[in-house]
Amino acid sequence: MKNARFLIVDDQEYNVSLLERILRRAGYSNISSTTEPQQLEALYHEFQPDIILLDLHMPEMDGFAALNHLKRLKKEGDYLPVLVLTADVMQESKQRALHEGANDFLTKPFDRIEVMLRIQNLLRTRFYHLQLHDQNQHLEQRVRERTNELKQAKSEILQVLGRTSEYRDDETGQHTQRVAQMAGKIASVLGLSEHEVNLIVLATPLHDIGKIGIPDGLLLKPGRFTPEEFEQMKLHTRIGANILEGSLFPVLQWAKTIALTHHEKWDGTGYPNGLSGDDIPLPGRIVAIADFFDALTHERPYKRAWTKEEALEEIEKQNGAHFDPQVVKAFMTVVQSDSIH
């Protein structure tokens with residue numbers, strides 16, 4: 001506490017000198033003072049006092065006005081003690097000063113020992129408050145760091161799960177991330193909120209998680225499926241939805257919706273439920289085109305990679321049939337403004 005900063009505001013030079021002597025004898029040396037209360041604001045910002053010793057009756061700006069001014073200067077939650085020292089012995093003055101924000105009140109002439117005891121009590125409270133504030137800031141920082149760590153962990157877990165579902169037919173594990181990024185861009189063009197765009201980016205990597213329930217012989221088969229094989233392949237949408245069923249987390253709820261509906265078609269000829277038009281949830285409609293485009297333009301064990309132009313031509317053919325026309329429009333906007341290879 002010996003490093004505490006004192007600000008004395010009193011229009012009488014004698015009173016200022018007396019208080020400075022008392023403080024210096026007590027071992028305090030960080031002292032600033034003024035006989036002009038109009039300088040209070042400038043000194044407050046420049047000196048940043050730990051305690052203010054304030055007279056009440058001063059010309060131009062009295063102590064009551066100074067107390068009101070300090071309320072506006074102090075930061076929210078800050079504890080800056082003000083000890084009023086005045087010759088005014090009126091009970092009303094004391095009550096008003098305390099009401100206006102003074103923390104303690106002494107009348108002149110004052111006892112040196114009592115002044116120092118009051119000051120020490122106020123400073124003790126001031127430094128306890130600062131210590132608590134620093135501890136709270138440290139805890140808040142740790143909470144922010146831990147929250148960011150948890151967010152990062154959640155994102156990484158979702159990415160790992162997405163790569164797991166694709167590993168058998170996409171050894172690079174990049175398909176899910178490409179589809180997620182494309183879906184996020186489409187969602188943004190469609191006007192979804194930043195929160196919703198973030199949800200679709202996080203949820204999309206799980207769109208084919210149900211493939212873990214499909215046998216390798218079928219999943220990696222070159223060439224076309226037989227009707228029976230195609231029916232079995234369709235099950236990956238329901239398997240994925242069942243895996244993601246029952247979560248309380250929005251991102252996994254979106255992931256379930258996407259897993260179940262990203263093979264539905266605008267005209268009702270998709271699977272697993274033959275939904276059509278706006279009955280297909282928007283996240284499913286968005287991921288449908290992002291997944292379709294990426295699957296066409298990248299090589300798989302059972303197919304060659306199409307060129308970008310070939311894929312775009314096919315999407316235009318499927319506009320209004322396989323795909324929602326508004327989603328196609330947003331997709332084309334993304335393709336035209338992005339460097340997609």
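Me: Helices (H or I, at least four residues) and strands (E, at least two) are taken here as DSSP runs, counted from the N terminus. With the elements so named, in which loop of this predicted model is Pro109 found?

Reply: The model is a predicted one, and in it the peptide bond that leads from Lys108 to Pro109 is cis, with omega near -5°. Most peptide bonds are trans. As for its place, Pro109 is found in the loop between β5 (104-107) and α5.

Me: Which residue does a cis peptide bond join to Tyr271, and where is the place of that residue?

Reply: The bond in question has an omega of about 10° and joins Tyr271 to Pro272. The place of Pro272 is in the loop between α10 and α11.

Me: In helix α2, which residues are buried, and on how wide an arc around the axis do they lie?

Reply: Helix α2 covers residues 40-47, and Leu40, Leu43, Tyr44 and Phe47 in it are buried. They all lie on the same side of α2, because the arc that they cover around the axis is only 105°. In general, an α-helix has 3.6 residues a turn, so residues three or four places apart point the same way.

Me: Which elements do the buried residues of α2 pack against?

Reply: The residues concerned are Leu40, Leu43, Tyr44 and Phe47, which are buried in α2. The elements that the buried residues of α2 pack against are β1 (6-9), β2 (31-34), β3 (51-54) and α3 (63-73).

Me: Is Glu60, which is not a glycine but has a positive phi, buried or exposed?

Reply: The phi of Glu60 is about 70°, and Glu60 is found in the loop between β3 and α3. Exposed means a relative accessible area over 50%. Since the relative accessibility of Glu60 is 75%, Glu60 counts as exposed.

Me: Which element gives the most to the lining of the second largest pocket?

Reply: About 350 Å³ of space lies in this pocket, and among the 16 residues that line it, those closest to its centre are Tyr44, Gln48, Lys75, Asp78 and Arg126. Two or more residues of the lining come from each of α2 and α5 (112-166). By class, the lining divides into five nonpolar, five polar and six charged residues. With four residues, the element that gives the most to it is α5.

Me: How many charged residues are there in the lining of the largest cavity?

Reply: The structure holds two cavities of 30 Å³ or more, and the largest has a volume of about 60 Å³. The residues that line it are Ile8, Val9, Asp10, Asn15, Leu19, Leu53, Leu54, Asp55, Leu85, Lys108 and Phe110, and the elements that give two or more of them are β1, α1 (13-25) and β3. Their classes are seven nonpolar, one polar and, for the charged residues, three.

Me: What is the volume of the second largest cavity?

Reply: This cavity is lined by Glu264, Lys265, Trp266, Ile280, Arg285, Ala288, His322, Phe323 and Asp324. Its lining has four nonpolar, one polar and four charged residues. The volume of the second largest cavity is about 40 Å³.

Me: Which residues is Phe323 in contact with, leaving aside its neighbours within four places in sequence?

Reply: Apart from its neighbours within four places in sequence, Phe323 is in contact with Trp266, Ala288, Ile289, Phe292, Ile315, Gln318 and Val328.

Methods:
Residues numbered from 1 in each chain as written. Predicted model: local features only at pLDDT ≥ 70, side-chain atom pairs only at ≥ 80, totals over all residues. Heavy atoms only, no water. Buried < 20%, exposed > 50% of the residue type's maximum accessible area, 1.4 Å probe, protein only. Arc of directions from axis to C-beta. Contact = heavy atoms within 4.5 Å. 1 Å grid on protein atoms, 1.4 Å probe; cavity = no way out; pocket = protein on both sides within 12 Å on 5 of 7 lines; lining within 4 Å. Points joined across faces, edges and corners; volume = space filled by probe spheres on them. Nonpolar A, V, L, I, M, F, W, Y, C, P; charged D, E, K, R; others polar.
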